[in-house]
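Hi,

Here is the model I promised to pass on.

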Amino acid sequence: MRTAPLTFPASFTFGVATSAYQVEGGIENDWSDWERRGKLKEPHVRCGRAVDHWHRYEEDYALAKAVGATAFRLSLEWARIEPERGRFDGQALEGYRERLLRLGAHGLRPVVTLHHFTHPTWFHAATPWHLPESLEAFRQYVRRCAPLLEGLDALVISFNEPMVLLLGGYLQGLMPPGITDGAKTMAALGNLVRAHAIAREELGQRLGRVELGISQNMLSFAPDRWWHPLDRSLVRLAAPAYNHAFHEALSTGHLRVFMPGVASTDVRIPEARDSVEFVGVNYYTRAHLRFMPRPPFMDFKYRDPQQRGLTDIGWEQRPEGFGQLLQEVKRYGKPVWVTENGIDDRQGTVRPEYIHAHLKQVLEARATGVDVQGYLYWSLLDNFEWLEGWGPRFGLYHVDFDTLERRPTPACDYFRAVATGRVLVPPSGASGSGASSSGDAQPSAAR
């Protein structure tokens, strides 16, 4: 293996990531209903106004620019755009168009996610993902979204973390729609693959060529008991199913998942073949798998064998796993974007080292021929973290959830030093860069 250079090329993109429900505020959808049903870890918690990004987007775009970002990932909220089935809200569409145009005015490339976990309140009753009716519903939604991207140099993500959506919502019942059914999980998985192909078709008809991909959560896996053959077998099954089944389907048109006693499928979806222009990777941690003698036959744990300290949400810091997965996605022969990577660091002291360790893995992957073109840190702001509510803090900027004041964490200086200097300096070497901390000029779903 060649030694990785310490410099990023001028073409490499540094950016930040958000999602609509987690930051915008004022959204009524399946998640707000889930909260009212007391389904979060703290049943009284509500997203509500979130961090009011819907009204503060200009301020937040300036904060992104202030840390050296040149790309900004956001999502379109289906529930804003189609609050009732078949009724599309023109003001919401105009609002998103304005926000996308303003990104350009701030020198930020839009990275636009069409679907980031949430659905309109009518969706699961009328057109759930395990039924074919979901495909026409999604088609109509994408058709209305396509004009929003006209004339923009946007990177487009059809689905954020589809395997998290399915495991959490269809297998574990921990998030909407709250189903626990393996057959429906696999039916929904097939339809999400088909829906991606539909998005490609609809966007292509309106926009011509579009840079389209997915944003796939990928985990490093290890046996909980290294000596136990069934724990080791679980890793051999789970890693390809969780990390690669969706990517493989969008590359080959063949969707295969084999998890005996849990959920399996083997189906050809020819319209999905070669249907991405890039591979999106979200990476956070490693899971240790342990065989259980009853359904669903596995448990997973986060351990700290290297004694680096678990993150505040309880996840292992494992940058080597990130590097391994970047090597694995090289097989698809497409450019790679790190569409999320970040840490829950509630004191703000660990984040610079975390970013440094993971950007080092990016450079090492690039040195071996992996075409990593961009890195989007999750997240620009502390925000609402799904089942975890308001506890975790992934933001480059700390948000006071009472006043909504945004304040820079130490990672702002470090991220800016690397993004603007294009050299992977250690965090201790970034303090003398002259960068100001002023902000004037985030197996269960947790991002």
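Which residue in β4 stands opposite His115? It is Phe159. Before I go on, some housekeeping: this is a predicted model, where local features need pLDDT of at least 70 and side-chain atom pairs count only at pLDDT 80 or more, while totals for chains, interfaces and linings use all residues. Residues are numbered from 1 along each chain as its sequence is written, and side-chain values use heavy atoms, with hydrogens and water left out.

**Overall picture**

The protein has 13 helices and 13 strands; these are DSSP runs numbered from the N terminus, with helices being H or I of at least four residues and strands E of at least two. Its C-alpha trace spans about 60 × 55 × 45 Å along the principal axes. For 447 residues, a compact globule would have a radius of gyration near 22 Å, and the 21 Å found here agrees with that (taken over C-alpha atoms; the globule rule is 2.2 Å times the number of residues to the power 0.38). Of those 447 residues, 60% count as buried, where buried means under 20% relative accessible area, exposed over 50% and partly exposed in between, with a 1.4 Å probe and protein chains only.

**The parallel strands**

Strands β1 (residues 13-17) and β2 (residues 71-75) pair in the parallel sense over 3 bridges, with Gly15 bridging to Ala71 in β2. For pairing, DSSP has to find at least two bridges between the strands. β2 in turn pairs with β3 (residues 109-115), also parallel, over 5 bridges. Here Phe72 has Pro110 as its bridge partner, and Leu74 has Val112. On the other link, 4 bridges join β3 to the parallel β4 (residues 155-160).

What about cover? In β3, 7 of 7 residues are buried, and in β2 it is 5 of 5. Both faces of β2 are covered, with Ala71, Arg73 and Ser75 on one side and Phe72 and Leu74 on the other.

**Aromatics**

There are 30 aromatic pairs in the structure. Rings of Phe, Tyr and Trp (its six-membered ring) pair if their centres lie within 6.5 Å; planes under 30 degrees apart count as stacked, over 60 as edge-to-face and the rest as tilted. Take Trp78 and Trp122: the ring centres are 6.0 Å apart and the planes at 90 degrees, so this pair is edge-to-face. Trp78 belongs to helix α4 (residues 78-81) and Trp122 to the loop between β3 and α6 (123-126), so the pair ties together parts 44 residues apart in sequence. Both Trp78 and Trp122 are buried.

One aromatic cluster is made up of Tyr21, Trp31, Phe117, Phe384, Trp386, Trp390 and Phe401.

The charged end of Arg80 sits over its ring, 4.0 Å from the centre, and Arg99 lies over the face of Trp54 at 3.6 Å from the ring centre. A charge sits over a ring if NZ of Lys or CZ of Arg is within 6 Å of the ring centre and within 35 degrees of the ring normal.

**Cysteines**

I found 0 disulfides in the whole structure, a disulfide being a pair of cysteine sulfur atoms within 2.5 Å. The sulfur of Cys47 is 20 Å from the closest cysteine sulfur, that of Cys145, which is too far for a bond. Cys47 is buried at 3% relative accessibility, and Cys412 is buried at 0%.

Most residues other than glycine have a negative phi, and most peptide bonds are trans. Some spots to check against that:

- Pro176 and Pro177 are joined by a cis peptide bond, with omega about 10 degrees; Pro177 is in the loop between α8 (162-171) and α9 (182-207).
- Trp378 and Ser379 are also joined by a cis peptide bond, with omega about 5 degrees; Ser379 is in the loop between β11 (372-378) and β12 (397-399).
- Ala50 has a positive phi of about 50 degrees and is buried at 3% relative accessibility.
- Asp274 has a positive phi near 50 degrees, but is partly exposed at 41% relative accessibility.

Cheers
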